[in-house]
Each structure stands twice: as structure tokens, then as C-alpha cells.
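Please read them with the sequence and the structure side by side.

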Amino acid sequence: WSSDAPEKHKLIIIGAGAAGIAAATKLVTNGIEDLIILEAEDRLGGRIHNIPYEGDTFVDLGAQWVHGQDGNVVYELAKPFGLIADECDNSSNYYSVNSSGVTFNREVDMALFDAIDAILDGEEIVVQNGSIGDYVQQRLKLDMANSSLLSQLQFSPTYEQVIEFFGKLQNVNDGSDSWFETSARGASEFYGTEGCFYNLWKKGGYGNFFKLLLNQMPGQTPIDLSKKLLLKKEVTKINWEDPKGVVVTCADGTQYSADRILITVSLGVLKSNLITFVPPLPPKNLNAIKGLAFGTIDKIFIRFPKKWWPEDYQGFHFFWTQQDEQTLFKDMAHVDGKPWVWGIVGFYTDSEDPQTLLGWITGSAARFFETLPIPQAEDPIKMKFEIPFLVPVLCMVSILPLVKSADAPEKHKLIIIGAGAAGIAAATKLVTNGIEDLIILEAEDRLGGRIHNIPYEGDTFVDLGAQWVHGQDGNVVYELAKPFGLIADECDNSSNYYSVNSSGVTFNREVDMALFDAIDAILDGEEIVVQNGSIGEYVQQRLKLDMANSSLLSQLQFSPTYEQVIEFFGKIQNVNDGSDSWFETSARGASEFYGTEGCFYNLWKKGGYGNFFKLLLNQMPGQTPIDLSKKLLLKKEVTKINWEDPKGVVVTCADGTQYSADRILITVSLGVLKSNLITFVPPLPPKNLNAIKGLAFGTIDKIFIRFPKKWWPEDYQGFHFFWTQHDEQTLFKDMAHVDGKPWVWGIVGFYTDSEDPQTLLGWITGSTARFFETLPIPQAEADTLKLLRHFLGSNYTIPDSVRYLRNAPEKHKAVIIIGAGAAGLTAATELANSGVDDFHLRSTWGTNPHFRGAYSSRGVATERLNTSAKELGSAVVNDARRLVLFFAGEATSEHQYSTVNGAVESGWREAYRILKLEGLLAAVLKKEGAYDKAHLRSTWGTNPHFRGAYSSRGVATERLNTSAKELGSAVVNDARRLVIFFAGEATSEHQYSTVNGAVESGWREAYRILKLEGLLAAVLKKEGAYDKAVDAGLLKTDGAVKEGLAKIDDLVKVADGLVKTGGVLK
């Protein structure tokens, strides 16, 4: 061997699930010590995954029952230690209800179930071609003639519902996507062992199982595999013709060599071609991989504050009417033309925790469900924040050693780019949970991002950026602030506006509001979710149709003010969506925004969003502050991110400084990403780039005007400005124009300020806002006052002695603060301290290179490019298969985009993702009590280390004439040497889909390898099975393999026919 040869062993086992550990323990205790186990996950267990839940309880995200008793190796290992519950889990007291609220007749319901069970248990199934679904339905029609109960049901509206439900139930049993894909005669290959088929563990679930395999029970001598088990070793290549032996390559670049390889990965991994075999596997194995079926089954655990269902209920069956499949939950994501929740079979009681229900979901609906953010996936409980990575099936991350050279950039575990709501939320979550080695790089000279709160008049403040807390129940900002009495009691649902047009016409309030209400109804309607094109086009088209049903609206259609109101509402919509034009905002995309319950416009009592970072940083009375002062670096504008550098991810700033980290969390605005102000080397993946291009991001600015006294009526909340088409072309000809209109046309209106009674707040959007940011302040001031005088001067006296003198201490009769962006807090403070309480501040969301806009929305381009916030927020994996780049910020929030709570939740989301990768998530969730706030779910289908739950016999199995035995066939190389072996539940001929099937397959291959090493006879003697093997005709009395049994496949009989408890031949 050369010095750079791969680490060499006698045997490599790939996969540390039931089969792999069963084989390893059998081999290690019988003389084959020189082996290693490569496991892609960061834990052993495979599809057995038992985790702590509530108190001292546990949940099994994977395998749950012990299927059978007599002859079931798991049962026979566990029973002597009293680990199996005495009662059989044959629960049948289910509440069956359909989507229309109809409770099923239990007698009829069970009669049909019993009839289908009889068909499946009948002898005729073993000769049936085609699918189990087709066979059951055909046979059921024949059986109708012999049962008056069934014949009555045939014509019942519930008949099809029960059949469809049973199909889903069968999919759970078979691990299949559809019972029309499962082979009828193939299903008969499964042999249940005698005794109760659904045995539960007394306590701790399958967490007990590996203690049994590893001899860790009282009175046993433990088997230590700790030095042989290598975690986070995802195998990507197996070269089985290499002259040095079989060479295994992992995703992290490491290589291992062995005389033989035992592969115990799931059939799903083999089907997905995630391991490259050189040369390819023999046709027999490939045919089996292709032909055997492998499906996705997932679980949903929901814990409630108390048990609300009847004591004697074991669960709930859900049936659907055909009409409801097409019409219910239109606002919900659909899979195969139905709401994804259609795939949930039902919810059932949990054996360990009386307050928990366990739901089952299968097939394509399950795989889609795995991709949903938890808040969207859950309905019965309201989460406080978004944690899409509670999924305890951990993703493998290969960790490369990083060597720091003498001139290497300053190195950290994590760099957060951006000190806005998302960045600070992530930082506080991480720092308080064990990840201290991080820095925050902020381009501005302050923290806050698009939250910018500055001192104003006296002890008042103004928010140049975020202003409202949008929603209550489920809004993290509201729930952080409310306990400290920071949120105003009244809802800011102000509607008493003075509406006037450019010709001085005051609008009829009744007609004005009727049109507003009609448009709101269109935007809130169910039909919007299926509309293509822009929201502006949809509203206008739909409004014309609605005119026929409203005399008030039909009158308005022919009114000269109709077009003015429509145009005005478009501008209001632009403010809501953060868009330049409602003809660029997607209609169906706008429906993605989910408002949280309660008042949507909550105001702060005093101090505005200046309170918010005190909450995030624990700076309220009675709290222990979180100190980020030494981690926050201001005026650090990031210009380059090299995420393939061997030293780690290297970040370069505009001032030339460089920083390196294992991972980077990017929280800059979508506007910065769109403007390509940060160079990524190499470029970001197409998925992220497509999202950056497709999601919309617009400019919204504010104008604050303070007057010596309040001149508008006490009960007015503000002024709406409408324009006639004539005035758009003729008014203010001496004023700068944008898109053919005076730039002030973009000002939607002026509204009262919550903190200062002498101030009005104006809103301006889009291209006019970006132009406004570039105007000299005196010009902007003069133009703004000209607008106010023209629209309101006939009824009110607008002060005319307002002017601006930069840094001058003289007072002014009125003050204008223009902007909604990143002007310096220092400038504001200096002016305030100098006695100038009437001053301008210029801030520039649109033109400031650190923001390039205000907030995101769903554009027509989003729809056209088929992208989403989820794709923008997708973590990036480098060539070493390491997650290195993460994205947070309001634009990455699927349903709370454009809000501070959406930004905070996204920061926490990525913090949890990083904590998970660092192995800290479980402890954090326990500390936070988050098990009460979240669903736990499995992700067997999308996890690349499993790609599904368990195997079955598909119609393709029958068509390709293949079997589990062919999948488990050992592979011989050109030197006539057996080098590759297969184990796992999918290789079990009659106990597939079960843990006992997996264990027996592991022992089967262990015996096969022991035979090849000349150790089998001694092992059988030690286990007391030698005489039984001789009596069974498998061995000669001298221990030699009998004539005719020299082929290795014959020894499969040892395991499949005789191997039982503890591997002893029965």
C-alpha cells in the first residue's frame, strides 16, 4: 500500500440503522473486529428515531410498533426485560366523520372495513395480477350480493368516501403512495408473526431497542461500537473493482477501503442514485432496486394544553366528499388537485402522552407537507414563531478542517451580515444558546436596518421606517411588547379621512367608502388565489362585474370621480405592498400574505419602534441584558463573499477588511441583493438568483410636517388626495415631473401622527419616491407645501412662512421631516440639541445603497419565474456538501413578508437551523418549552439519507419479475470474490417494512460473512444452534457446508428460515 492509500479494514458497514447495528454486533462478538460503520446522519438509528418529548416521555418519529410476538426478534429481545406493554394496541374506537360534518354509521363503516380485510386475507389474492386497489374494488362489488348491509352501502353517498379512506389506510400499511401502485399478489408475500401485531413499548418507545442490540441492559456485558461508528459520513461513491479493495468515498472527501462492504442504506437512497457504483451494480440488483416499491409515510405530533376528546376515543378517521375535495381550502396549497391536508388519514391518541394526538400522512401529500413551514402546516395550535427545522431527522453536514494561516482573515464560527430586525433576532437567539463566537457586520453607523426611530419634538419620536405592529395573536413583536405595556390599547383603524380632488371637489363619503369596501372584498375573496396577472388588472376587471349587483357602485361607474378613486386605491395598494405599481404586483401572489389575528394596525404607546431593540436585547426592567456591543461592527459595508474559499467563507468589506467564518447569515434587504452590490464567488445557485430576480421590492417614503398649531378638525385622521386626468397634465407645470406627472402626484395623502398632535405624516411611493429623495430639501419643501395649499387651501390656511436653513438655530413656523430611510441619527440628535426643533432630515430608502427600497412583495415576475420567498431563503451548500450561506429578512418570509414580525421570525428560523447543525437545537427547545408550541414531524421523504419510509411490493415489482431476494443478492467482482452485501428491511422476503425484518436481514448477512471467514460453525456451536443446523440439513456433522449448499445464497435460508431470538437458530 502507498502512503496515501485509503484507511483499510476487513469490512465496512454503510448505515447505522437496525440492520447495520444488528450485523455489526453479531460480527464484532464473533471474531470480526476490524470493521467500521459509516453513517450519514449525526446519530445512529436510521429510520428508528426516538426523541425526548414532554417531561419524561418520548416520541418515535419512525418505527413505532413491534409487529408480532412469536418469532419476532425484537419482541423476543425485549420481552425478558419487561419492555413490551401487556395489552395489544388493537384500538378500534374511532370517531369517523366526513368533510361535510357527517358522522358515519359505525356498524356500516366497520362492515365495509371487515369486508375489505377479508378480501386482503383471502387465498385468492396470491394469484391476482394488477394492483391491490383494483382487486379490492372489483372483488367488493362481487361480495355485495351476499351482504344486505354492504349492498345498502353501495348506493350510499358515503360508499366512495370509505373506499377512498381505506386506500389511504392501506398506503400507511404498505408504505406506498397509492394502493393502485401496490401489487395485489405481492402484498401476500408479507408474513405476520404470531400473536398481537401491534405491540407497544411500555415506556421510552424504540429508544430501548439499541440498548438491547448493544447489550446495554442490566446484567449484560455492553458491546462497544463507539470507536467503530463514524457519524456524518455520507457515502457518495463505491468502487468495487479497485485492485486495492472496495473503496468507499464520502461527501467530505475521506476514503476508506475494505475487503467487503455491507450496504444497509434504505431502498429510497438506492433508487435515488445518491451513491455511484463503479462499475454499476449487476442487472439483477438494479432490476430489484427499480422494481420494489418505496413510499413516504410521515407523522405529525400535536400536543394540546389539555385532552379535549372523549376518554374512550382512540382517534379520528377523516373522510372526504368528492365536492369538498374540489372546493374546500382553496387558499391552501394543493397536491394532485386536492388540498394537501387531504393526505392526512386521521389523528390518533399517543401511548405515552395523554395530551398528544398523532397524525399520519402518506405519499405525495407527505412529501409536500415536509417542505411546508411549520406555522403553515399546523392548524389546531398557533405557533409563536416559525421553526421549520424542528424536524428531528437531522441533515448531514460534512465538516472540513480549517487551517488558519498567519495572514488569514479574522476567523469566527458565524458572521451575520446586517443589524436589522432579522440579524439582531438571530444574534440574540444564538448568543443566549451557546454560539458566542459570532460577529455582526453592519453597513450603517447604527443598528436597526429599516427600523429607524429618532427623537422629534420634545420627548416625542418618529419612525422613519417600520411604524405599526401588524396583528396580535401570533405576532412575535406584539407578544414581546404587550407584557411591558408598550402597545396602545386602541386599534389604529382610523377611517375619518377628508377626501378631496385636485379640482377642489370634496368626495361623497358614502360612495367613496362603498367603492373602497368593494375593492377590499375583491382582495379578500377566494378567487384571487387562482388569478394570473396583476392585482390592478384583476381588481378593475372584477369591479366592472360587481357593478351590476350594486346600485351605489353602478352610479359611481359613470361618475367623473370613478377613475380618480380607482387610481387612488392603486397608490394605497402600492403602499401596502411596497410596490411601484399595482399593475406589477401579482394578484394570486398577494394572497400569500397571512395576517395574524387581532387588530392589524397596532401603535406603540410612546417612543415607537425605539422600544423594539430593547425588547430583543432584554433591556426591559427585570431582565438580564444581552450585550452585543463587542460583536457589532458598524460602518462595515460588505462587498464580496467568497463561499468556496478553503479557509472558510471569506467576507470582504468596502474598507478592505476581511473576516472568515464557518457559516454566514445574510440579512441584507432584497434591494441590496437585486442591485448586485455584493459579489458572490462563485455566484449564488440558480434557485436563489431566480428568487432575487423574481420577488418584488419597492420604495416607500414618509414626509413628516410639523405646524405651530393644529389647523385641521379634531376628528380628522387625515386627507386623501385624488387627481383629475386634466390636472395631472396641467397642474404644477413649473414643478419637476416623473412619468409625465408632477412628482407630488405620487404623494398619497397626509395623516395625523400618533405621538405629536401638530404633525402630519405623508406617504409617497415608487418612482416618484426615488426622485423625491434626490431633490434639494428647499425644493422638496416648497413643492410639498404647494401641493397642500392647492388641495386644502380653499378650506384651511396653510402656514406660508416655512423655510429651511441648514444648522441654523432660528425657529420656523412649520417643520418638514422628509424621508423614510437611513439618514443619520447623529444629524437628528445634533439638530435637536442645538435648539432647532423645526428641521428637515433627509433619509433615502430607495437611493441608499444599504437598502435600495423599503420592503418586498409578490410581483408579476414572481409568478412568471415560478419562484418564492422560500427559494430566496434556501441555504446554500458548497462543493464539500457543507451548508455555508443562510438567508433571513422579511423578504424570505413566506407569509409575513414586509413586516417586522416576518423579519424577526426569519432570523429565529435561521438561528434554529444553525443551532440544529451545531447539535444544540434539542436542548434549546427544551429550555424554551417549545415542544408545547410546535409540531414535531418526520421528513423521511425529503431527507436524502432515507428518501422514504419503508418498502412494499409494487405493480412494477410484478411487471419486472423481481424480488427482495434479488435486491439482497451479494455481488461478485471479476476476481470471483464476494465484495458487496445488502441488508435492510427491503431485502427481507417476508418481513419487509418492519424493524424485525431489518434486524434479521442484518444477521443474515453477518452469518454469510462469518461463513466466508470460516467462522460460522464455531459461532453456531457457541450459540447452541450447531446441532439444529445439522438436523436441518444445512451443515455436516464436522461443521462443513453440505453438498449442494456451497453457493452463498443458500445460507440465506439460515437467517430467513431459522434465525430468531438473538440470532440463535430455531
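1. Which residue in β38 is the bridge partner of Arg706? Before the answer, please keep in mind that this is a predicted model. The partner of Arg706 in β38 is Thr759, and this pair belongs to an antiparallel arrangement in which 7 bridges join β33 to strand β38, residues 759-765.

2. Strand β33 itself, residues 700-706, is mostly covered, with 7 of its 7 residues buried. In a regular strand the side chains alternate between the two faces of the sheet.

3. On one hand, 7 bridges join β20 to strand β30, residues 658-666, and the two run parallel, with Ile664 in β30 as the bridge partner of Ile415. On the other hand, β20 pairs in the parallel sense with strand β21, residues 438-441, over 4 bridges, and there the bridge partner of Ile416 is Ile440. Between β20 and β21 the chain passes through helix α14, residues 421-431, in a β-α-β crossover that is right-handed.

4. Does the length of helix α6 agree or disagree with what its residue count predicts? The 16 residues of α6, residues 159-174, should span 22 Å at 1.5 Å a residue, and because the end C-alpha atoms are 23 Å apart, the two values agree. The helix is mostly covered, with 12 of its 16 residues buried, including Tyr159, Val162, Ile163, Phe165 and Phe166, as well as Lys168 and Asp174. Just after α6, Gly175 takes a positive phi of about 65°.

5. Helices α30, residues 900-917, and α31, residues 921-928, have axes that come within 7 Å and cross at roughly 125°, which means that α30 is oblique to α31. The residues that meet are Tyr912, Leu915 and Lys916 from α30, and Leu921, Val924, Leu925 and Glu928 from α31.

6. Lys299 deserves a look, since its place is in strand β14, residues 297-303, and with a relative accessible area of 3% it counts as buried. Lys299 and Arg937 are 638 residues apart in sequence, yet 5.5 Å apart in space, C-alpha to C-alpha.

7. The bond from Val278 to Pro279 is cis, with omega near -5°, and Pro279 is found in the loop between β12 and α10. The bond from Val681 to Pro682 is also cis, with omega near -10°, and Pro682 lies in the loop between β31 and α23.

8. Which backbone angle is positive at Asp739, although this residue is not a glycine? The angle is phi, at about 55°; Asp739 is found in the loop between β35 and β36, and it is exposed, with a relative accessible area of 65%. Asn866, which is not a glycine either, has a positive phi of about 55° and is found in the loop between α28 and α29. At 65% relative accessibility, Asn866 counts as exposed, because exposed means over 50%.

Key
Residues are numbered from 1 along each chain as its sequence is written. This is a predicted model: local features need pLDDT of at least 70, side-chain atom pairs count only at pLDDT 80 or more; totals for chains, interfaces and linings use all residues. Side-chain values use heavy atoms; hydrogens and water are left out. Buried means under 20% relative accessible area, exposed over 50%, partly exposed in between (1.4 Å probe, protein chains only). Two strands pair if DSSP finds at least two bridges between them. A crossover is right-handed if, with the strands pointing away from the viewer, the path from the first strand over the helix to the second runs clockwise. The expected span of a helix is 1.5 Å times one less than its number of residues. Axes are lines fitted to C-alpha atoms, for helices over the stretch in contact, and angles run from 0 to 180 degrees between N-to-C directions. Angles under 35 degrees count as roughly parallel, over 145 as roughly antiparallel, 65 to 115 as roughly perpendicular and the rest as oblique. Contact means heavy atoms within 4.5 Å.
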